[in-house]
Amino acid sequence: MIFTLAVLPGCTSMAPAYTRPDAPVPQTYPMASPEAHSTPVPELAWQEYFNDPTLIRLLQLALENNRDLRMAILRVDEARSAYRIQRSERFPQINVDGRGARSRVPADLSPMGQATTGSEYRAELGLTTWELDLWGRVRSLEGAALESWLATEAGRQAARVALIAEVANSYLTLRELDERVQIVRQSVDSREKSYRIFQRRYEVGSTSKLDVTQVQTLLTQAQTQWAQLEQQRDVQLNTLRFLVGGDSDLPPQQASSDQTTVFADLQPGLPAELLTNRPDIIAAEHRLRAANANIGAARAAFFPRIALTGSLGSASAELDGLFRSGSRSWTFAPTISLPIFDAGRRRADLELSEIRRDMAVAEYEQTIQSAFREVADTLAIRLRLREQLDVQLISRAAQTERARLAQLRYDNGSATYLEVLDAERSLLDAEQQVVQTRRALLSNQVTMYSALGGGSDLAASAAPTDNQAPSTQPLNRP
């Protein structure tokens, strides 16, 4: 009988059968073009996607030292411990107890009319209150704790992907500022040379004071922009150091970022693939499963709860007779609790669990929609950035030729220096815009890598044991 009762727990579950909600997004992305040689993101680790040695070193440091990621890892450990605590409720707790007592009863309280002194010694193997989980309440709570653990692990993976993208974008922004500082520095050097020449011409009377002030204005504008860019670089470097979690030696880079940073081609695939690639979607589904399991626990609360308590051991009035023949003692005390009236508490608890399940469904669907929009936006931005870069390269070439012709016309006396001034200013703006758009295009590729799941190493597996890390893939069990 006892063996039969021991097998029963967990055989029945009051939780509703889980069905994954349909993805509330179109089946394809707008503006998505198939690329024959692209690599699916889940098959591409970040070490294979980023090729810049400096960036790879920074990413490794960030993954080792970043405090936000460390907190995410600790939250996984916290959820694992909570799961193990809840899982232990399925099994009986057996303790070994030993105790001794000696007491004296006064004569006026003794049935024999004489004062008595007695002793009692016990050594027992005790079974603490163990619930027979006939309706799956404990099993449902264990399932909810497991799904919470898996959701936290997926959240850790999402934090890891976000950190990789943030460090990469911060690094690209720093390199953009390096390029812009270099361009402005060259402009400052050129304009300082022009200012000295015009100053000498003015001193010998071969040019006007107006030309000198125009050259000086052009010089001070470049110097101001140089100082502003240096300030932005210092702030960006501090941001990158914070993300990495330590000091990083990053001297200014001379080469263009598009010459040193090349990313692998990516294919967006289909929106349905986001359900198994995006850690935030996986985490949302595990939270939905946890809410679904909590409904089972709330339903089981309406049924009788049976618990077993007992002990087996030896008892004696003398310590030396504790383990003699005939000293065996035992107790067995099963209890049953049948809920009758609680002023609607259990009903409200069930309604609350169902509402939270509906909220988890809405959160899951919202996460899918946000992921779809992020990928669609990234595709649209990539297309338009490429168009902008093509136009800006043509514009920079035209501004370069314009500046050359304006200087030639001024040297030949066919134009005022104001025309040269305007051409130089426009050329500097065009060069800055090209650098900014190139960086934006590279950042767009980083965003695409993150939006598609970030090359996560998630693999489907069964429920984890105590010594295994959980899989963050959705568990396809009923």
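# A walk along the helices

Helices (H or I, at least four residues) and strands (E, at least two) are DSSP runs, numbered from the N terminus. The model is a predicted one, in which local features need pLDDT of at least 70, side-chain atom pairs count only at pLDDT 80 or more, and totals for chains, interfaces and linings use all residues. Residues are numbered from 1 along each chain as its sequence is written, and side-chain values use heavy atoms, with hydrogens and water left out.

How exposed is Ala 159? Its relative accessibility is 28%, so Ala 159 counts as partly exposed. On this scale, buried means under 20% relative accessible area, exposed means over 50%, and partly exposed is what falls in between (1.4 Å probe, protein chains only). Ala 159 and Ala 72 are 87 residues apart along the chain, and their C-alpha atoms are separated by 7.1 Å.

Now look at the partners of H5. Two packed helices are described by the angle between their axes and the distance between the axes. Here axes are lines fitted to C-alpha atoms, for helices over the stretch in contact, and angles run from 0 to 180 degrees between N-to-C directions. Helix H4, residues 67-87, packs with H5 at an angle of about 170 degrees, and the two axes are 9 Å apart. H4 and H5 are therefore roughly antiparallel to each other. (Angles under 35 degrees count as roughly parallel, over 145 as roughly antiparallel, 65 to 115 as roughly perpendicular and the rest as oblique.) The contact of H4 with H5 has 13 nonpolar, three polar and seven charged residues. In this count, Ala, Val, Leu, Ile, Met, Phe, Trp, Tyr, Cys and Pro are nonpolar, Asp, Glu, Lys and Arg are charged, and the others, Gly among them, are polar.

Next comes helix H6, residues 209-244, whose axis comes within 8 Å of that of H5, crossing at roughly 160 degrees. H5 and H6 are therefore also described as roughly antiparallel to each other. Their crossing is left-handed; a crossing has this name if the near helix is turned anticlockwise from the far one by less than a right angle, and is right-handed if clockwise. In the contact of H5 with H6 there are 21 nonpolar, eleven polar and eleven charged residues.

Helix H9, residues 279-300, is another partner: its axis and that of H5 (residues 137-204) come within 8 Å and cross at roughly 165 degrees. This makes H5 and H9 roughly antiparallel to each other. H5 passes H9 in a left-handed crossing, and the contact of H5 with H9 has 14 nonpolar, eight polar and five charged residues.

The expected span of a helix is 1.5 Å times one less than its number of residues. H6 has 36 residues and should span 52 Å; its end C-alpha atoms are 52 Å apart, which agrees. Just after H6, Gly 245 takes a positive phi of about 90 degrees. Helix H11 (residues 417-451) has 35 residues that should span 51 Å, and its end C-alpha atoms are 50 Å apart, in agreement. H11 is followed by Gly 453, with a positive phi near 120 degrees.

Helix H3, residues 53-65, has 13 residues and reaches 18 Å from its first C-alpha to its last, close to the 18 Å expected. Which residues of H3 are buried? They are Leu 55, Leu 58, Leu 59 and Ala 62. These residues cover an arc of only 100 degrees around the axis, which puts them on the same side of H3; the arc is that of the directions from the helix axis to the C-beta atoms. Pro 53 and Glu 64 are exposed residues on the face of H3 turned away from its buried side. Thr 54 also lies in H3 and is partly exposed, with a relative accessible area of 22%. Thr 54 and Tyr 171 are 117 residues apart in sequence and 9.2 Å apart in space, C-alpha to C-alpha.

Finally, turn to the loops. Phe 323 is in the loop between strand E3 (305-316) and E4, and at 68% relative accessibility Phe 323 counts as exposed. Ala 343 lies in the loop between strand E5 (335-337) and helix H10 (345-411). Most residues other than glycine have a negative phi. Ala 343, although not a glycine, has a positive phi of about 60 degrees, and it counts as exposed at 64% relative accessibility.
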